[in-house]
Amino acid sequence: MRDTRMPTEPTASTEPAEQPHINLVDPELYAKGDPFVQWQWLRAHQPVYWHEPTDLPGFWALTRYDDVRAAYRDAATFSSAQGILLRPESHGADPGGGRTLALTDPPRHRQLRGLVDEWFSVRSVRAIEQDIQDVAHRVVGEALERGACDFVTDIAARVPLYVICKMMGIPDSDWERLFTLTSDAFGGGDPLTQRLAHLDILGYFDALQADKAKNPSDDLVSVLATAEIDGERLSADDVILNCDNLLVGGTENTRIAASGGMLAFLRHPDQWQALRDDPALLPTAVEEVLRWTSTATHIMRAATRPVEIRGRQIAAGDRVTFWLPSANRDETVFSDPDRFDVRRSPNRHLALGFGEHFCVGSMLARVELKHLYNELLTRSIRIEPNGEPTLLSSIVVNGPERLPVLLTAA
């Protein structure tokens, strides 16, 4: 039988006696293996580890919480502008480098973030909370009518997509089109299909931003299409890339966290029962889901100057990667880190970043997760596995690709 263990669920809580083979960039490690064996050994023995080149360039791997947090905080030394993900050098520079929220350094990052920050503030998210609840009610209701469904595509993917589409001013009639495109582009599968779907998304935003520039309304695309920084309008390409950035950021992590969290609840039914018994635990449960899933497997930075971390000399220009699932299981920070515990407090995880690049949509993601799980709880829906889950074969995001479940009204 295929090994379908969740990649955020280690096979053992003890460090391997011998050094395991270290290859953090093997996608199959996350689909079929157990990366925590490697991360646990690295945290204990080589927390600042030079990873030799493969088909990807060589890089430094940070696996401890304190090192990742400190590097996140130091945006001047660890730059995002060259890209935030490992890429083959033959692919060239990331086209969003220096142009999007995720791939800029201060002061440009702060200027771009200032355009959209208010839309993701506590006040703004609370203002649309009823809309989020309505979306969760609709999506869960449709899945319940079907009974057998894929929790990833039929539930977890739809809630954040519909919410961000509404915020971006995408017409309701186009939501299903965007759902299909994002599923093809980011949901795993054939690389050519992924690339073509992503090109279609960029083309969609090209047409939408042109329309919003002429006929702005109260939405995020209009904000970007009419914005000025230092007296200059953003170029059409910059608007398109930032729209794509917002769409991906507003959907992918929440989709994977929601479905990865549900897989954790299915494997730890006592924790779901704890929520049934005491729904007031939802806020801490959401934080534990975020820590446990740590959906961004790695984040990359480029060193702008020579720097030393734990005695290792990092040169200017070196790639430095943060392995967030490892940092969020650091034994020196989290008590019993390999235990999924909806009562965990404090829970200062790094799943949503830290410092300059703390996720702009962090409040939105938390509220979406809260209302999705609350909808399942308040309807007393019984959720059972309906087949084996499959996991994403990716070094970028980790979590379920498919999670077949059976929903019944209790």
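View 1. Helices here are DSSP runs (H or I, at least four residues), numbered from the N terminus. The model is predicted: local features need pLDDT of at least 70 and side-chain atom pairs count only at pLDDT 80 or more, while totals for chains, interfaces and linings use all residues. Residues are numbered from 1 along each chain as its sequence is written, and side-chain values use heavy atoms, leaving out hydrogens and water.

**View 2. Thr254 within helix 12.** Helix 12 covers residues 236-267, and Thr254 sits in it. Is Thr254 buried or exposed? Thr254 counts as buried because its relative accessibility is 6%; buried means under 20% relative accessible area, exposed over 50%, and partly exposed in between (1.4 Å probe, protein chains only). In helix 12 as a whole, 25 of the 32 residues are buried. Beyond residues up to four places away in sequence, Thr254 touches Pro160, Ala365, Glu368 and Leu369, where contact means heavy atoms within 4.5 Å.

**View 3. The largest nonpolar core.** This core has 83 residues, and Met168, Phe205 and Tyr373 have the most contacts inside it. Its largest share, 11 residues, comes from helix 12. A nonpolar core is a set of buried Ala, Val, Leu, Ile, Met, Phe, Trp, Tyr and Cys residues joined through side-chain atoms within 4.5 Å. Leaving aside neighbours within four places in sequence, the contacts of Met168 include Phe205, Asp219 and Cys243.

Note on methods:
Helices (H or I, at least four residues) and strands (E, at least two) are DSSP runs, numbered from the N terminus.
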